[in-house]
Amino acid sequence: MNLRYRLTLGIGVLFVLILLLGGLSVGYVRQLSAASGNILADNYNSVHYAEEMLRSLDRLSQDSSSRATLIRSLSLQRQNITEVDESEATASLGRRIAALTDTVTPDRIRLVRSDLYRIMDLNMASIRMKSSEMEARAADSVWWLTVMAVLCVVLAAAFLVQFP
C-alpha cells in the first residue's frame, strides 16, 4: 500500500467521522428544538386564552366588551384543544359561560373560574411532563454525541499513530 493511498484513506475516514458527528449533532438539536417548540406553542396558547378569559370575567360587570372578549377567547380555546381532558373542561366552560346572563352571580363566576383553572392546570401539567421528557431526550442526545466524539477521537488517534 503506497503512501498516497494511506493518506487518502486516513483523511477520508476522518472526514466521514466529522460529517457523521456533525450530522448527528444537527439532527439531535433540530429534533429537540422542534419538540420543545410544539410543547410551548399549543399549551402556552391554552394558558393565554384562559388568562384572557379570567381578566374578562373580572371586568364583566364594569365593561360591556368583556363578554365579547370572553366568548372570543373561548372560541379560540375550542380550536386549541391538545390534552386528553381539555375537551371536557372546555365543553363545561362553554356551558357555564353560556349560562352567564345579565345578572351574573358570584357562584356562576366561581364555577367559570374553576373550569378556567382546570384548563390552566391541565396545560401546565402537560408542559411540565413534556419538559421532563425533553430533558431525558436531551440527556440521551448528549450521551450519544459523547460516545460518537470519543469514537472519533480514538479513531483519529489510531490514524495519527499508524500513518507516520
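Let me begin with a term: a residue is called buried when its relative accessible area is under 20%, exposed when that area is over 50%, and partly exposed in between, with a 1.4 Å probe and protein chains only. What we are looking at is a predicted model, in which local features need pLDDT of at least 70 and side-chain atom pairs count only at pLDDT 80 or more, while totals for chains, interfaces and linings use all residues. Residues are numbered from 1 along each chain as its sequence is written, and side-chain values use heavy atoms, with hydrogens and water left out.

I will start with the charged pairs. Side chains of opposite charge can pair when their charged atoms come close. A salt bridge here is a side-chain nitrogen of Lys or Arg within 4 Å of a carboxyl oxygen of Asp or Glu, and by this rule the count comes to five salt bridges. I will go through some of them.

Take E83 and K130, which form a salt bridge with their closest N and O atoms 3.3 Å apart. E83 sits in the loop between α2 (66–78) and α3 (86–99), whereas K130 belongs to helix α4, so the pair ties together parts that are 47 residues apart in sequence.

The next pair is R113 with D58, a salt bridge whose closest N and O atoms are 2.1 Å apart. Because R113 lies in helix α4 (residues 106–162) and D58 in helix α1, this pair ties together parts that are 55 residues apart in sequence. R113 is partly exposed, with a relative accessible area of 24%, and D58 also counts as partly exposed, at 43%.

Let me turn to how the helices pack, where axes are lines fitted to C-alpha atoms, for helices over the stretch in contact, and angles run from 0 to 180 degrees between N-to-C directions. The axes of α3 and α4 come within 9 Å and cross at roughly 160°. That makes α3 roughly antiparallel to α4, since angles under 35 degrees count as roughly parallel, over 145 as roughly antiparallel, 65 to 115 as roughly perpendicular and the rest as oblique. The crossing of α3 and α4 is left-handed, a word used if the near helix is turned anticlockwise from the far one by less than a right angle, with right-handed used if clockwise.

Which residues make the contact between α3 and α4? Contact means heavy atoms within 4.5 Å, and among the residues involved are L93 and I97 of α3 together with L111, L116 and I119 of α4. By class, the residues of this contact divide into nine nonpolar, four polar and six charged, where Ala, Val, Leu, Ile, Met, Phe, Trp, Tyr, Cys and Pro count as nonpolar, Asp, Glu, Lys and Arg as charged, and the others, Gly among them, as polar.

The pair α2 and α3 packs at an angle of about 160°, with the axes 10 Å apart, and that makes α2 roughly antiparallel to α3. Here too the crossing is left-handed. R67, L70, I71, L74, Q77 and R78 in α2 meet E86, T90, L93, G94, I97 and A98 in α3, and this contact has six nonpolar, three polar and three charged residues.

Finally, I would like to point to a few single residues. S56, in helix α1, counts as buried at 0% relative accessibility, and, leaving aside residues up to four places away in sequence, S56 touches S66, T69 and L70.

N45 is also placed in helix α1, and at 27% relative accessibility N45 counts as partly exposed. Not counting residues up to four places away in sequence, N45 touches L40 and N80. The C-alpha atoms of N45 and N123 are separated by 9.3 Å, although these residues are 78 residues apart along the chain.

A125, in helix α4, is partly exposed with a relative accessible area of 36%. From A125 to N43 the distance is 9.6 Å, C-alpha to C-alpha, and the two are 82 residues apart in sequence.

Notes: Helices (H or I, at least four residues) and strands (E, at least two) are DSSP runs, numbered from the N terminus.
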